[in-house]
Amino acid sequence: AADEQRAAGVLLQKMPGAADAGEAGDMQRQQAWEEAGLLLATLGGAELLSTPAQPLLQRVFSGHDLRLFEGDAVRFACRCSRERVAKMLASLGREEVQAILAEEGEVTVTCEFCKQPYRFDAVDAPRLFAAEFGGAMNADPPSSLN
């Protein structure tokens, strides 16, 4: 559920069971799984947004052994960087990068997560394969990657 300021959700994950539980154990686990899905289906969006996790889960799963673990704060964090993009471009190989440079005038890669554009012009692009960038980037990739 989401509104203009908040978002909330519940992830129900089926964990693997004991390999030697037998048919009765498998059926019991399947019934518990189905029951959990039915119980979660009773949640409304407004309730999900307005009720803290512990009382919400205690209400939904009352009568069950419930263990709630500490959560982590959600935060925006992208791990992209110019260096990571440069390594990715270098892995394409010199010919591919030069072809893009010849066609477009520059090589631009935009991070799909944070939308940060990284541009490599006619001066930057050859540096991807220079000795100071590291051994693996010095060579073109094997022909199976072209």
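Colleague: Which side chain does arginine 82 join in a polar contact?
Modeller: This is a predicted model, to begin with. In it, the side chain of arginine 82 makes a polar contact of 3.3 Å with that of aspartate 124.

Colleague: What else does arginine 82 touch, leaving out residues up to four places away in sequence?
Modeller: Besides Asp124, the list has Tyr118, Arg119 and Phe120. With phenylalanine 120, arginine 82 sits over the face of the ring, 4.1 Å from the ring centre.

Colleague: Where is arginine 82 in the secondary structure, and is it partly exposed or exposed?
Modeller: Arginine 82 belongs to helix H4, which covers residues 82-92. It counts as partly exposed because its relative accessibility is 36%, and the cut-off for exposed is over 50%.

Colleague: Which residues of H4 are buried?
Modeller: Val85, Ala86, Leu89 and Ala90. Looking down the axis of H4, these buried residues stay within an arc of 140°, so they line one face of the helix. After H4 comes glycine 93, with a positive phi near 105°.

Colleague: Which residue other than glycine has a positive phi?
Modeller: Lysine 115 has one, near 70°. Most residues other than glycine have a negative phi. Lysine 115 is in the loop that runs between strand E1 (107-110) and strand E2 (117-120). With a relative accessibility of 52%, lysine 115 counts as exposed.

Colleague: Change of topic. What does glutamate 47 pair with through a polar contact of side chains?
Modeller: Arginine 59, at 2.7 Å. Glutamate 47 is in helix H2 and is partly exposed, at 24% relative accessible area. Beyond four places in sequence, glutamate 47 touches Thr42 and Leu56 as well as Arg59. Its C-alpha is also 9.2 Å from that of alanine 1, a residue 46 positions away in sequence.

Colleague: Leu56 is in H3, then. Which residues of helix H3 are buried?
Modeller: Leu56, Leu57 and Val60, in a helix spanning residues 53-60. Down the axis of H3 the buried residues fall within an arc of 90°, so they line one face.

Colleague: What do the buried residues of H3 pack against?
Modeller: Two helices, H1 (22-40) and H2 (45-50).

Colleague: Zooming out, how many helices and strands are there?
Modeller: The protein has 7 helices and 2 strands. From the N terminus, the order is α-α-α-α-α-β-β-α-α. Of its 146 residues, 19% count as buried. Among contacts with a separation of 6 or more, 52% come from residues 24 or more positions apart.

Colleague: How many aromatic pairs turn up in the whole structure?
Modeller: The search finds 0.

Colleague: What is the average pLDDT, and where does it stay under 50?
Modeller: The average is 84, with 86% of the residues scoring at least 70. The stretch under 50 is residues 135-146. The model has 17 contacts beyond four places in sequence for that stretch.

Methods. Residues numbered from 1 in each chain as written. Predicted model: local features only at pLDDT ≥ 70, side-chain atom pairs only at ≥ 80, totals over all residues. Heavy atoms only, no water. Helix = DSSP H or I, 4+ residues; strand = E, 2+ residues; numbered from the N terminus. Buried < 20%, exposed > 50% of the residue type's maximum accessible area, 1.4 Å probe, protein only. Contact = heavy atoms within 4.5 Å. Polar contact = N/O pair within 3.5 Å; in protein donor to acceptor, adjacent residues only side chain to side chain. pLDDT = per-residue confidence, 0-100. Phe/Tyr/Trp six-rings, centres within 6.5 Å; stacked < 30°, edge-to-face > 60°. Lys NZ or Arg CZ within 6 Å of the ring centre and 35° of its normal. Arc of directions from axis to C-beta.
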